[in-house]
Amino acid sequence: MIYSMTGYGKTEHQLADKKLIVEIRSLNSKSLDLSMRVAPALREKELDIRQMIAQRLERGKIDVAVYFQTDDNTTQEASFTPINKEAFRYYYNTLRDLRDELGMPAITDLVSSVMRMPDVTKAGEEKVINASEWDIIKSAIHETIDAFLAFRKQEGAALEKMFTEKLDGIATLLAEVEPFEKGRVEKIRQHLLCNLDKLADETKKAIDSNRLEQEMIYYLEKLDITEEKVRLTNHIRYFRETMQGDGTGVGKKLGFIAQEMGREINTLGSKSNQSEMQIIVVKMKDILEQIKEQVLNVL
């Protein structure tokens with residue numbers, strides 16, 4: 001079973017005077033890239049929440065939001081810092097009066113200047129959560145992670161179905177190569193012999209027939225694609241087996257296997273000297289690119 005790196009989970013729990021909301025969403029990433037937004041009252045617990053998330057989620061660009069919603073539907077998140085209105089009003093009036101008194105040129109951005117003054121932006125008093133509330137919050141976070149992982153599993157099943165269809169497509173195209181391969185060697189041999197017949201009689205007499213046969217066998221062996229077909233078939237089988245495996249790093253393994261499949265398909269293309277075979281190879285490359293693109297989303 002494979003898991004997608006794309007996921008989403010959300011839970012809501014009612015506390016005494018507010019509603020707790022926990023959201024987790026993710027996109028693909030080479031490693032764990034964790035971004036968090038927590039309510040002001042939970043800032044001292046942010047490290048604990050981060051550890052809870054990191055212990056259960058492995059890879060992905062993960063965004064976590066833990067906040068409270070009051071009865072009037074306003075949210076309390078860590079994305080803002082309250083403005084001290086009294087301090088702002090005092091500094092604004094003072095700077096404006098001082099400017100007029102001294103005859104100074106107009107301050108282009110008076111608001112920006114005021115916002116840099118002391119105590120203008122200052123977080124208000126925050127309520128401290130108690131032990132029972134923290135237990136509820138921890139339970140909610142784990143519940144959200146469970147929902148998030150269920151989403152990843154569902155997306156992974158869809159990816160596995162898609163990969164299976166694409167692999168079947170490559171295997172079918174590989175089988176279509178065989179009819180062209182059977183007559184290909186003999187066609188090449190006849191083509192070479194036909195060209196030799198066009199040589200002058202003196203030249204043909206000077207040719208060592210045994211050496212010619214050896215050279216012809218060597219040349220035809222260079223164009224043989226039996227090994228490439230066997231290796232590509234094995235890579236397809238290993239890709240299927242890896243999708244059924246457990247543990248971490250399945251996505252990376254599938255990426256490596258897809259690279260090896262690409263090498264064999266490219267070699268098939270370089271050895272193909274018939275337009276029909278080259279068309280089949282192009283189709284296989286197209287399917288493989290679709291696989292590589294989606295492998296990036298596998299955990």
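Visitor: How many aromatic pairs are there?
Guide: The count is three, where rings of Phe, Tyr and Trp (its six-membered ring) pair if their centres lie within 6.5 Å. This is a predicted model, so local features need pLDDT of at least 70 and side-chain atom pairs count only at pLDDT 80 or more, while totals for chains, interfaces and linings use all residues. Residues are numbered from 1 along each chain as its sequence is written, and side-chain values use heavy atoms, leaving out hydrogens and water.

Visitor: How are F88 and Y92 arranged?
Guide: They're stacked, because their planes sit at 15° (stacked is under 30 degrees, edge-to-face over 60, tilted the rest). Their centres are 6.1 Å apart.

Visitor: What about F163 and F239?
Guide: That pair is edge-to-face, 5.6 Å centre to centre with 70° between the planes. It links distant parts of the chain, F163 in helix α4 and F239 in helix α7, 76 residues apart (helices are DSSP runs of H or I, at least four residues, numbered from the N terminus). F163 is buried at 0% relative accessibility.

Visitor: New topic: at what angle do α7 and α8 pack?
Guide: About 160°, with axes 9 Å apart; axes are lines fitted to C-alpha atoms over the stretch in contact, and angles run from 0 to 180 degrees between N-to-C directions.

Technical notes
Helices (H or I, at least four residues) and strands (E, at least two) are DSSP runs, numbered from the N terminus. Buried means under 20% relative accessible area, exposed over 50%, partly exposed in between (1.4 Å probe, protein chains only).
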